[in-house]
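Subject: Structure handover

Hi,

Here is the structure we talked about. My notes on the contacts follow below.

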Amino acid sequence: MANYTTADIKELREKTGAGMMDVKKALDEAAGDKTKAVEILRVKGLQGAAKREGRSTSDGVVLARVENGVGTMIEFNSETDFVAKSDTFSKLAEEVLDLAVANNADNAETLLNTEIDGKPVSQIITEGGASLGEKVDLRRVGRIEAPSIAQYMHRTNKDLPPQVGVLFAYEGGDDQVAHDVAVHIAAMSPKFFSREDVPAEVVEKEREVALETAKNEGKPERAIPNIVEGRVNAFFKDNCLLDQGFAKEPKTPVSAVLKEAGIDAKGFLRFRVGV
């Protein structure tokens, strides 16, 4: 006769993120001892980690922290939303963010190879997620510095942790406007800060596409140069933060909103889980 209850199963599932049958088997093996069952789940999870390496991680969380003029943000992934909202996954993600902050990390690869007490962070993640029954993965790390940084974290689903994160770096001006710009970035997903930041090859490709499109549409030869420039400018307005129409005032570019508020924008980071 089982010496544990459905409440025990529920508690361990929430704590570890493991499947129901795995939890029941671990409790059976541990004779109902929940602490021992957690250890059994961890061991089995480590044994299965290699098998999970090729699986995709399209869910997860975005976490950020701002301290002393430095903003750090990570995207930490799981395979399913069930694991993404578990306590074990959340605690592991916070631990990884702590390590990113402590080591001034600005990219995932460097952090994953950083050794903590003789153990690479990649191994810490594998061991920490062993009981979850899924592959967990640090996909991105970003770091930005400025006198002021506005942080905005957005939940795309109220039952899940934040899946969109923004850090907007700036100096001077109105903090409320800076926050509004961070919200704008989350909603409008600019790819670049300014048109000067767009790689030359990307701009050239847009010109080529605009030119071919204009020709295929049978536009007058003399009008084509202006049409091409207009379409390239439209690309900038869609993809560059400073050129975008402000979400609250679509007819006003973000650059004008910042100028009026006395804000000197320095840059931004925007992460969305799986994108």
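The backbone nitrogen of Lys135 sits 2.7 Å from a polar atom of the Glu79 side chain. That is a polar contact (N or O atoms within 3.5 Å, one able to donate a hydrogen and the other to accept it; residues adjacent in sequence count only if both atoms are side-chain atoms). Glu79 is in the loop between β2 (70-78) and α4 (81-84); helices (H or I, at least four residues) and strands (E, at least two) are DSSP runs, numbered from the N terminus. Glu79 is buried, at 19% relative accessible area (buried is under 20%, exposed over 50%, partly exposed in between; 1.4 Å probe, protein chains only).

This is a predicted model: local features need pLDDT of at least 70, side-chain atom pairs pLDDT 80 or more, while totals for chains, interfaces and linings use all residues. Numbering runs from 1 along each chain as its sequence is written, and side-chain values use heavy atoms, without hydrogens or water.

There are 15 salt bridges (side-chain nitrogen of Lys or Arg within 4 Å of a carboxyl oxygen of Asp or Glu). Arg140 pairs with Glu75, closest N and O atoms 2.8 Å apart. Arg140 is in strand β5 (residues 137-145) and Glu75 in strand β2, so the bridge ties together parts 65 residues apart in sequence. Glu75 is buried, at 0%.

Glu229 and Arg207 also form a salt bridge, at 2.3 Å, N to O. It links helix α10 to helix α9, so parts 22 residues apart in sequence are tied together. Glu229 is partly exposed at 36%, as is Arg207 at 28%.

Best wishes
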